[in-house]
Amino acid sequence: MKNTKLNENDSLLSFKPDEHSPDHYLVQGDIEIAGIIDCENPIHCCKFHPNGELFSVGLSDGSIKLFKKQNCQLLYSLIDDDIRQKRLPVTSIRFFNRPNDLNQDHYKILVATYVSGFIKYWHYPTKSCIFTIFDKELMPLSIAFNNSFTRMAASGYDCKIKVFDVGTKKEINCLESGDYGVNISGHSSRVYCVKYHPADTNQLFSGGWDDTVQIWDDRTPHSQNYIYGPHICGDAIDIESNYNHLLTGSWRKNSTLQIWDLRNFSLIRDVFQNKSNMMVRFLL
């Protein structure tokens, strides 16, 4: 079946039922491949809205598509003149979801990073970019909000993690590698993912090409601890706060999905036990 070109005026875009045999995928748990959407451009990131009613994908041409979960209808396409001029990939997407926020319009804000150096706040129902941060030095690859949505962390090509005040949009700290008198801490290569602990306002995790996950307090410039092993190449870190477990996805042939104990930073489980040839780039 040939997919049609993605067009935001279509009601059901490039969606077809999955035609592969059941043994085509290695699946564990109650998961089913329902169908496939052809976005025509390579997908660099994807994210569900917290309410579960829609999901977004960031593409290699700098555009962002938002789809309705129920029938995969394309709802919105986000791009502006800044992005059209550069045509460089979207690298991460986050939905603004501040707890107990009385302004319902805030729940319709999406924040995205771009290789071109932009961090953009979008009001997606109107397809309007409402605020832009430009950092050519950082070239952001990932962002994360803390659990109170008072701070935003951004990581990128320069091995640093910059922390911003959400209200003022100003940088308030820079987390980086260095010799702080005890040992050398921090990243030595690109940082592809940052993630705040869902139960700790200041605890931050980051991972990238140097095969480490660094653990930070965002008020302190050096890392507090680290896990060696995961080769992170996208949005592939998540935290389960009830059990204090960390999930990592690695872009390699073996040990692609791993669960770690944050109480002692030890490996709990290699999920596929080297039986999978799937290389993990991001976790949805």
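Strands are DSSP runs of E of at least two residues, numbered from the N terminus, and two of them pair if DSSP finds at least two bridges between them.

Four bridges join strand 23 (residues 257–261) to strand 24 in the antiparallel sense. Across this pairing, I259 stands opposite R269 of strand 24. Strands of a sheet pair through backbone hydrogen bonds, either parallel or antiparallel.

## Basis and confidence

Residues are numbered from 1 along each chain as its sequence is written, and side-chain values use heavy atoms, with hydrogens and water left out. Because the model is predicted, local features need pLDDT of at least 70 and side-chain atom pairs count only at pLDDT 80 or more, while totals for chains, interfaces and linings use all residues.

The protein chain has a mean pLDDT (the predictor's confidence in each residue, from 0 to 100) of 86, and 83% of its residues reach 70 or more. Residues 1–13 have pLDDT below 50, and beyond near neighbours in sequence this stretch has 33 contacts in the model. Contact means heavy atoms within 4.5 Å.

## K195 in strand 17

K195 belongs to strand 17 (residues 191–196). With a relative accessible area of 19%, K195 is buried (under 20% relative accessible area; exposed is over 50%, partly exposed in between; 1.4 Å probe, protein chains only). Not counting residues up to four places away in sequence, K195 touches K47, A144, Q203, L204, F205, I237, D238 and I239.

## T91 in strand 7

T91 lies in strand 7 (residues 90–95) and is buried, at 12% relative accessibility. Its contacts, leaving aside neighbours within four places in sequence, are H44, C45, T113, Y114, V115, P140, L141 and S142.

A polar atom of the T91 side chain lies 2.9 Å from the backbone oxygen of P140. The T91 side chain also reaches the backbone oxygen of L141, at 3.4 Å.

Notes:
Polar contact = N/O pair within 3.5 Å; in protein donor to acceptor, adjacent residues only side chain to side chain.
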